[in-house]
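I opened this notebook to look up how one chain is put together. My entries follow in the order I made them.

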Amino acid sequence: MTNTAQITTPDLSLIKTVKHATVLQNLRIKHTRIKQVIDDLGCLIYPGSQDSILMVCGPTGAGKSTLAKHMVAEEIERSAREMETNAGIIPAVYVEARASGEDDFSWRLFYQSILDQLEADVDMPKYQYGVDPQTGRMVVSRNPKDRTLAGLRTSVERALLHRKTKFLVIDEAAHIIRQTRRNRLEIQLDTLKSLANQAGVQIVLVGSYDLFQLMSLSGQLARRTHVLHLERYRQDVESDIRAFRACVQKFQDAAPALWEKNLMSYADVLHENTLGCVGTLSAVLTRAANLVEKKGGWSVEHLRTALLSELQRERILKEIVDGEEAINPGLIRVMRKPKNSSSQQRSAA
Ligand SMILES: Nc1ncnc2c1ncn2[C@@H]1O[C@H](COP(=O)(O)OP(=O)(O)OP(=O)(O)O)[C@@H](O)[C@H]1O
Ligand SMILES: [Mg+2]
């Protein structure tokens, strides 16, 4: 009896700690960069678009995965009405391209995780084709052929079609091409491209700069993919400084008692340490919040302890600088000045 009482008595200090850190961890700021990329994707994703494959790249900790999940959740929310009348619809899907531990990327594992998403919370066997619009349940295929790679692929195409999926987000997409021999890069992308075409979905590849760098190994791939850059907030651009400070302010406002309103005085330090990446800022501040609470109140020492070490920061900075160097020329688009109409008329004459 006594033991049970001890086990069930909650440790209040622990609950408080979890609560504050969780508030910060769950905070989602719709900051400038995120808004820009969401807007751009909104313009590029539409039925019949020619851009069957899009790519979102940015530094580690910029918030790419969070953005990807948000996009999918937003699309599902937008389609709520349609989903009410047709229970089988899943308008957007998020999957992670997992490293299989094998030499080559495992398409089998990949297709399987898409199917898992398309089945949503429906508790049914794995290999299926269509969806019953009344129940939203997948119609089961009992054919053993469907367990082959080709069968899985067909299942994915059909399920995407039946679910009326508009776009498929593939996070950590570098895994698809990382272990691939150079001459097979195009084949991997062609596989995705044909999946997009057959299933009538747009595919959004998400990853760090290594994704862009890997894609650039093949000029053909680079040419055929539209790239969006979820950039860090730079410390040498006035508007970036303001936008980053606004994010710090949100973290301060989310737990004012915890920080005793001290956080904003360290906005520049945080900008420098986190390299202007909001996800990294979130990780640092969640860590700091835990320390502040566990160790009995605000102290700048707790914030210092939570910062990235110089070594970590330098490594990330190098990745960012290399990544930006690679991606920026790829994003520059030149529009030649059109000849003015009078000179056009003259030349026509
Ligand atoms: N807009 C945001 N507002 C608040 N917190 C955020 C935001 N975006 C990301 N975060 C926080 O930062 C953490 C890291 O973000 P996320 O995983 O999206 O980064 P990433 O760019 O995908 O990094 P990686 O390249 O390492 O995969 C998230 O778990 C989340 O808690
Ligand atoms: Mg990520």
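**Entry 1: V169**

I began at V169, which counts as buried because 25 other C-beta atoms lie within 10 Å. My cut-offs: buried takes 20 or more other C-beta atoms within 10 Å, exposed takes 12 or fewer, partly exposed is in between, and C-beta atoms are placed from the backbone.

The model is a predicted one, where local features need pLDDT of at least 70, side-chain atom pairs count only at pLDDT 80 or more, and totals for chains, interfaces and linings use all residues. Residues are numbered from 1 along each chain as its sequence is written, while chains are lettered from A and ligands numbered from 1 in the order in which they are written.

V169 sits in strand β5, residues 167–171. Helices (H or I, at least four residues) and strands (E, at least two) are DSSP runs, numbered from the N terminus. Next I listed the contacts of V169, leaving out residues up to four places away in sequence: A68, M71, V72, V93, Y94, V204 and V206. A contact here means C-beta atoms, placed from the backbone, within 7 Å. I also checked V169 against L205: they are 36 residues apart along the chain, yet their C-alpha atoms are separated by 6.1 Å.

**Entry 2: the core**

Which residues have the most contacts inside the largest nonpolar core? I found V93, V169, I170, V204, L205 and L211, in a core of 76 residues. Helix α15 (residues 278–294) gives the most to this core, with seven residues. The core draws at least three residues from each of domain 1 (31–229) and domain 2 (238–331). Those bounds come from an automatic or database domain assignment. By nonpolar core I mean a set of buried Ala, Val, Leu, Ile, Met, Phe, Trp, Tyr and Cys residues joined through C-beta atoms within 7 Å. In soluble globular proteins, nonpolar side chains tend to be buried together.

I then looked at L211. Leaving aside neighbours within four places in sequence, L211 is in contact with M55, C57, A173, A174 and L205.

**Entry 3: helix α7 and its partners**

Helix α6 (residues 107–118) packs with helix α7 (residues 149–162) at about 30°, with axes 9 Å apart. Axes are lines fitted to C-alpha atoms, for helices over the stretch in contact, and angles run from 0 to 180 degrees between N-to-C directions. So α6 and α7 are roughly parallel. Under 35 degrees counts as roughly parallel, over 145 as roughly antiparallel, 65 to 115 as roughly perpendicular, and the rest as oblique. From α6, residues including W107, Y111 and L115 take part in the meeting with α7.

The axes of α7 and helix α9 (residues 185–199) come within 8 Å and cross at roughly 40°. That makes α7 oblique to α9. Here V156, E157, L160 and L161 of α7 meet L195, Q198 and A199 of α9.

**Entry 4: positive phi**

K164 is not a glycine, yet has a positive phi of about 55°. I found K164 in the loop between α7 and β5. K164 is partly exposed, with 17 other C-beta atoms within 10 Å.

E260, also a residue other than glycine, has a positive phi near 50°. The loop between α13 (256–259) and α14 (267–274) holds E260. Is E260 buried or exposed? Exposed, because E260 has 12 C-beta neighbours inside 10 Å.

**Entry 5: whole chain**

I noted 18 helices and seven strands in the protein chain. Of its 349 residues, 34% count as buried.

Notes:
Two residues are in contact if their C-beta atoms, placed from the backbone, lie within 7 Å.
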